[in-house]
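I hope they are handy while you have the structure open.

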Amino acid sequence: MGTARRRNFAPVRAIERGLAVLQDLSLYKGAHPQQIARRLDLPRPTVVRLLETLEGLGFVERSPSDGSWHPTLYVRSLSDGYNDEAWVRECAAPEIELLGKQVLWPVDLHTLQADMMLVRESTHRTSPFSIQHGLVGTRLPLLQTSSGRAFVSFCPDEERDAIIDRLSRHPAPENALARDPQRIAQLVATTRRQGYGLRCGELIPATNSFSVP
């Protein structure tokens with residue numbers, strides 16, 4: 001099942017087992033009760049009761065031909081409330097928090113959104129060296145951030161060309177660099193050679209940052 005988390009209460013055993021059975025069926029594209037019982041180390045009668053309960057709720061069905069159980073289309077309803085932002089944060093948060101504890105400096109995760117860099121997760125709130133807080137959800141000019149420079153330098157050429165073309169036609173001052181093909185080419189070459197994007201003083205005075213793709 002998923003990664004275990006610290007709990008301050010006793011788990012509901014039936015829910016844990018029911019979700020484990022549903023996950024097993026999804027993973028193996030269907031199974032017989034004895035197979036599920038063996039993989040999950042559960043009594044076969046317990047597995048049968050769980051399957052029948054899930055069947056009553058519409059999440060699984062039994063094949064009339066061989067008696068195997070399979071997930072139904074209804075299980076897709078469990079993912080309707082899921083979104084990419086939650087997934088990114090769930091995956092990234094433990095990793096950047098661990099890195100933040102090692103280096104002490106703030107660590108951010110940025111992704112591209114509408115030709116800008118979106119701060120998806122950050123350790124600014126816990127870093128002893130941070131002079132900024134509340135950055136999560138902030139959108140930053142692509143070419144003035146180390147993350148944006150890393151992105152445009154390591155993304156496919158056609159994607160970079162399309163992004164730079166859109167930025168060059170936007171009159172905002174922060175897009176001035178996009179209107180200078182020679183400087184863009186130099187930036188990309190330097191960033192690729194270094195292996196990381198670099199920002200020194202731009203955007204936020206008296207601060208520097210570097211980003212890896």
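1. Let me start with charge. The protein has 26 positive and 24 negative charges, and their mean positions are 4 Å apart. Here Lys and Arg count as positive and Asp and Glu as negative, with His and the chain ends not counted; each charge is placed at NZ of Lys, CZ of Arg, CG of Asp or CD of Glu.

2. A word on what you are looking at. This is a predicted model, in which local features need pLDDT of at least 70 and side-chain atom pairs count only at pLDDT 80 or more, while totals for chains, interfaces and linings use all residues. Residues are numbered from 1 along each chain as its sequence is written, and side-chain values use heavy atoms, with hydrogens and water left out.

3. Now the fold. The protein holds seven helices and seven strands, where helices (H or I, at least four residues) and strands (E, at least two) are DSSP runs numbered from the N terminus. In order from the N terminus, the elements read α-α-α-β-β-α-β-β-β-α-α-α-β-β. The protein is more spread out than a compact globule, because its radius of gyration is 25 Å, well over the 17 Å that the globule rule gives for 213 residues. That radius is taken over C-alpha atoms, and the rule is 2.2 Å times the number of residues to the power 0.38. The C-alpha trace spans about 70 × 40 × 30 Å along its principal axes.

4. Buried means under 20% relative accessible area, exposed over 50%, and partly exposed in between (1.4 Å probe, protein chains only). Of the contacts (heavy atoms within 4.5 Å) with a separation of 6 or more, 44% are between residues 24 or more positions apart.

5. How many salt bridges does a search of the whole structure find? The search gives eight, a salt bridge being a side-chain nitrogen of Lys or Arg within 4 Å of a carboxyl oxygen of Asp or Glu. One of them joins arginine 39 to aspartate 24, with the closest N and O atoms 2.9 Å apart. This pair links distant parts of the chain, as arginine 39 sits in helix 2 (residues 33-40) and aspartate 24 in helix 1 (residues 13-28), 15 residues apart. Aspartate 24 is buried at 6% relative accessible area, whereas arginine 39 is partly exposed at 31%.

6. Next, have a look at helix 6 (residues 157-168), where aspartate 157 and arginine 160 lie three residues apart, about one turn of the helix. Their side chains form a salt bridge at 2.6 Å, N to O. Arginine 160 is buried at 10%, and aspartate 157 is partly exposed at 40%.

7. Aspartate 165 and arginine 169 form a salt bridge, their closest N and O atoms 2.9 Å apart; arginine 169 is exposed at 60% relative accessibility and aspartate 165 partly exposed at 38%. Glu97, Glu121 and Arg125 are joined in a network of salt bridges.

8. Finally, is serine 147 buried or exposed? Serine 147, in helix 5 (residues 146-154), is buried, with a relative accessibility of 9%. Leaving aside residues up to four places away in sequence, serine 147 touches His110, Met117 and Ser211. From isoleucine 36, serine 147 is 111 residues away in sequence and 46 Å away in space, C-alpha to C-alpha.
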